[in-house]
Amino acid sequence: MLIDWFTVGAQALNFLILVWLMKRFLYKPILHAIDEREKRIALALADADAKKGEALKERDEFRHRNRAFDEQRAALLSQAMIDAKAERQRLIEEARKAADASGTKRQEALTRDAHNLNQSIIRRTQQEVFAIARKALTDLASASLEERLRGVFTRRLREMDGVAKERLAEALKTSSSPALLRSAFELPAEQRAALQAALNETFSAQIDVRFETAPEVISGIELTTNGQKVAWSIADYLASLEKAVAELVMEQGKSEPSHEIEAEPKSVVNLR
Amino acid sequence: MRLSPDDMIFWQNGFLKLNATIVFTWLLMLVLAVGSKLITRKLSTDLKRTRWQNLLEIVVTGIGKQIEEVGLRNPEKYLGFLGTLFLFVATATLCAVIPGYEPPTGSLSTTAALALCVFVAVPLYGIESQGMRGYLRSYVEPTFVMLPFNIIGEVSRTLALAVRLFGNMMSGAMIIGILLAITPFVFPVVMTALGLLTGMVQAYIFSILAAVYIAAATRTIKPRPAA
């Protein structure tokens, strides 16, 4: 007999036991492990998805911020450029003003220097002219400059035309205060007396005269009374000299120091 | 000439006996259980795992896939029964390369026991899935006249299961025995290899047929509600 029924029963039981053993030791742990792994993978994937989403969000935010930053930077840059331009303009303007101011100052200084030089030259020239004239006169005619000046003044008085003479006489007569006779130098007593005599003679009256010394009187001697004035002047000569000196100063101002001036001194003492 | 390992009896006390079929079955059970236990002792749920775990995972998921392909929706429920059928028959065949070993599946008693298990399991799964009435109604489908034929079919297919496996296993062992007597060199090796292949195919056929029977029992009623 091929079938042994006891063996059949035993094998069926064996098989059922094997089913239980396999379930217990093989399928359950393996399936459990697989499930766990799948769960882990799903979790990891979900996590990765979440992270990806987060990263995308952050990227967008970063881009947005970057764009905003760029815009801000561009705005700041353009503003800075505008400011710099304005500042440059302002600085240039300031520098120009400063240059103008210093130029003006320099010009003023030059003018002042020229003026001072002029003054001193005039004074010096006056002195020189008088010194030369005095010496020449002494040498040539043994006459003093004061004498010659008094002579010239006297002649001037005498040679005055009728209208001027009458006006001056009128002024002398109506004047309450004595007539003022100013001279660049101290007049000696005899000169004063001579001048007094000349005045008396010219106007046929006793003229009250007050003598005064004033170095600024270029003319040498001048008579002032009640708005009328008689003077001997070297003003033209001095004006010509002043002009020459001014030119010299101007040349120096243009940084061309060596320029000869050809001043033609007018040695003529002219009367006005 | 011994046809079945049942005939190799180690111990007997009246009706109770201990023959080679039972002993080798126990050995196989021991190997399978201890092997599984050893491998599954340190299972990793991580992405990194041992090769043995990989092998077992492939086997288990492969069986599950096959069951699913047959048409059973929830393979984990049937994995214990059908998977063990396959593993037992396959291991019993593969161990045939060990000298002195007699495959327990070469005994008609073993195959009959397995077929009986299928015979009992099919209605159990069917009743669990559709209820007693639903399952019993499948016997009178499509008409009442078909009842005896359905019952005959049920019995005959169980018999066929048992005899098919037994015939194949027994014939394999028999052919090798005969060939050893005729051409003792080389040729038996080829035939042993062929026997291994047939054994694997039989294991596959046995478990797949069981799956098909269970699937048929659990879903017979399915098309009805639509009608």
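Okay, before anything else: what we have up here is a predicted model.

Let's begin with chain A. It has an open sheet of four strands, and the order runs 2-1-3-4, with mixed pairing. So which strands sit at the edges? Those are strand 2, at 209-213, and strand 4, at 228-231, and each of them pairs on one side only. Going from one strand to the next, the twist averages 20°.

Now the pairing inside that sheet. Strands in a sheet pair through backbone hydrogen bonds, and they can do it parallel or antiparallel. Strand 1 of chain A, residues 179-183, and strand 3 of chain A, residues 221-225, go antiparallel, over four bridges.

Over to chain B, and helix 4, residues 108-137. How far apart are its end C-alpha atoms? Only 32 Å, for 30 residues, whereas a straight helix at 1.5 Å a residue would reach 44 Å. Have a look at Gly131(B): helix 4 of chain B has a kink of about 115° centred there.

Last thing, where the two chains meet. The contact takes 28 residues from chain A and 39 from chain B. On the chain A side, that's 20 nonpolar, three polar and five charged residues.

That's it from me.

How values were computed. Residues are numbered from 1 along each chain as its sequence is written. Chains are lettered from A and ligands numbered from 1 in the order in which they are written. This is a predicted model: local features need pLDDT of at least 70, side-chain atom pairs count only at pLDDT 80 or more; totals for chains, interfaces and linings use all residues. Helices (H or I, at least four residues) and strands (E, at least two) are DSSP runs, numbered from the N terminus. The expected span of a helix is 1.5 Å times one less than its number of residues. The bend at a residue is the angle between axes fitted to the seven residues ending there and the seven starting there. Two strands pair if DSSP finds at least two bridges between them. Axes are lines fitted to C-alpha atoms, for helices over the stretch in contact, and angles run from 0 to 180 degrees between N-to-C directions. Two residues are in contact if their C-beta atoms, placed from the backbone, lie within 7 Å. Ala, Val, Leu, Ile, Met, Phe, Trp, Tyr, Cys and Pro count as nonpolar, Asp, Glu, Lys and Arg as charged, and the others, Gly among them, as polar.
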